[in-house]
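Here is a short briefing on one protein model. It covers selected loops, a strand and a helix.

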Amino acid sequence: MQKRNLVPSCTVAIVGDGMVDHYIWGKATRLSPEAPVPIVAVEGEELRPGGAANVAANVSAMGGVAKLLTFAGDDALGREFLKLIEARGASVIGPFLRKNPTTRKTRIVVQNQQVVRVDWEKVHPLAPEEEEMIIAALEAIEADVFVLSDYAKGVVTPNVAKRCIEIGKKKGVPVVVDPKPQHREFYRGATVMTPNRSEAEALVGSQLVVIEDQAAAAMKLREEFELEALIMTLGEDGMILATASRWRHFLARSREVFDVSGAGDTVVAAVALSLGSGWSWEASCELATVAAGLVVQKRGTSVVSWEEITKSPDWPFVELHLDRMKPKETRAL
């Protein structure tokens with residue numbers, strides 16, 4: 001039985017698609033004479049960890065130990081990617097390199113408005129020998145919780161997902177999945193999945209407009225995928241937690257939405273940290289809503305620190321659920 005930690009201090013192993021989020025900031029005051037598009041005068045640019053790497057960066061910012069298992073391209077951007085992760089306090093296992101170029105998402109932002117995104121990527125699933133590198137690392141790693149961060153860029157294959165879930169069960173640690181609907185057969189038997197509303201709609205094959213339909217879908221998906229719980233994120237409408245016995249709606253805690261890029265990664269990081277620290281499902285969801293509410297107030301793919309969370313006016317909602325936790329509710333890991 002794991003002792004409950006009131007500060008989520010644990011080790012999180014993240015398996016998934018790491019990438020680089022490239023931001024170009026500028027101003028536009030006129031249209032191009034060549035086409036009806038704005039001319040952007042560049043004022044600056046920045047590289048940030050994206051995808052699974054953003055999950056790792058958020059885990060580290062919230063006080064956890066983040067270990068990232070991913071592949072980067074054997075190129076200049078791949079080497080920069082590794083530096084970005086280390087600068088955020090996370091570590092990259094391996095590192096594992098491949099011939100594919102490192103995935104980069106370039107966003108051009110004008111007066112705080114994203115005008116275009118350009119994706120630089122070549123998607124190829126891992127080869128069997130590359131899968132074995134990830135699986136062997138999972139077998140050897142010491143962690144309190146696993147995360148599958150699937151961006152459908154090739155790292156999360158059927159074999160990698162299956163073995164991650166199996167190894168998690170063998171080690172007695174939770175497995176948190178941030179899914180892609182086209183990979184729906186990969187995740188059965190994990191501990192919890194965190195689809196957003198559009199991903200959940202794709203998984204059930206229908207629109208989910210009202211809370212009752214969203215809750216019914218969450219309960220159905222939890223049972224279908226043989227999960228302990230399913231957390232459906234709903235943006236400004238908060239999130240739904242579905243367990244075997246009931247569902248519960250958690251309100252969003254954001255007061256101002258500036259940029260939703262990477263907010264799902266922050267939710268995954270918060271859920272993983274809290275579960276790995278022995279928190280209840282309710283406390284984990286409340287922490288995730290507070291963290292997400294803070295990160296969407298920032299520009300671009302960002303992280304939230306534990307200090308920011310505990311100083312938030314919404315922190316008492318997390319404390320309330322922690323106070324309600326009884327010893328029998330502490331997760332047995």
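Gln111 sits in the loop between strand S8 (104-110) and strand S9 (113-120). Helices (H or I, at least four residues) and strands (E, at least two) are DSSP runs, numbered from the N terminus. This is a predicted model: local features need pLDDT of at least 70, side-chain atom pairs count only at pLDDT 80 or more, and totals for chains, interfaces and linings use all residues. Residues are numbered from 1 along each chain as its sequence is written, and side-chain values use heavy atoms, with hydrogens and water left out.

**Loop residues with positive phi**

- Most residues other than glycine have a negative phi.
- Gln111 is not a glycine, yet its phi is positive, at about 45°.
- Gln111 counts as partly exposed because its relative accessibility is 47%; buried means under 20% relative accessible area, exposed over 50%, and partly exposed in between (1.4 Å probe, protein chains only).
- Ala152 also has a positive phi, near 60°, and is a residue other than glycine.
- Ala152 lies in the loop between S10 and helix H4 (158-171).
- Ala152 counts as buried, at 19% relative accessibility.

**A buried loop threonine**

- Thr191 belongs to the loop between strand S11 (175-178) and strand S12 (192-193).
- Thr191 is buried, with a relative accessible area of 9%.
- A polar atom of the Thr191 side chain lies 2.8 Å from the backbone nitrogen of Val175.

**Strand S1**

- Strand S1 (residues 11-16) has six of its six residues buried, so the rest of the structure largely encloses it.
- Thr11, Ala13 and Val15 are buried on one side of S1, and Val12, Ile14 and Gly16 are buried on the other.
- S1 runs parallel to strand S4 (residues 65-69), joined by five bridges; two strands pair if DSSP finds at least two bridges between them.
- Val15 has Leu69 as its bridge partner in S4.
- S1 also pairs with strand S10 (residues 145-149), in the parallel sense and over five bridges.
- Ala13 has Phe146 as its bridge partner in S10.

**Helix H10**

- Trp315, Val318, His321 and Leu322 are buried in helix H10 (residues 315-324).
- The buried residues of H10 fall within an arc of 125° seen down its axis, so they line one face of the helix; the arc is that of the directions from the helix axis to the C-beta atoms.
- An α-helix has 3.6 residues a turn, so residues three or four places apart point the same way.
- The cover over the buried residues of H10 includes strand S15 (247-250), helix H8 (281-295) and helix H9 (306-311), where contact means heavy atoms within 4.5 Å.

Technical notes. A polar contact is a pair of N or O atoms within 3.5 Å; within protein, one must be able to donate a hydrogen and the other to accept it, and residues adjacent in sequence count only if both atoms are side-chain atoms.
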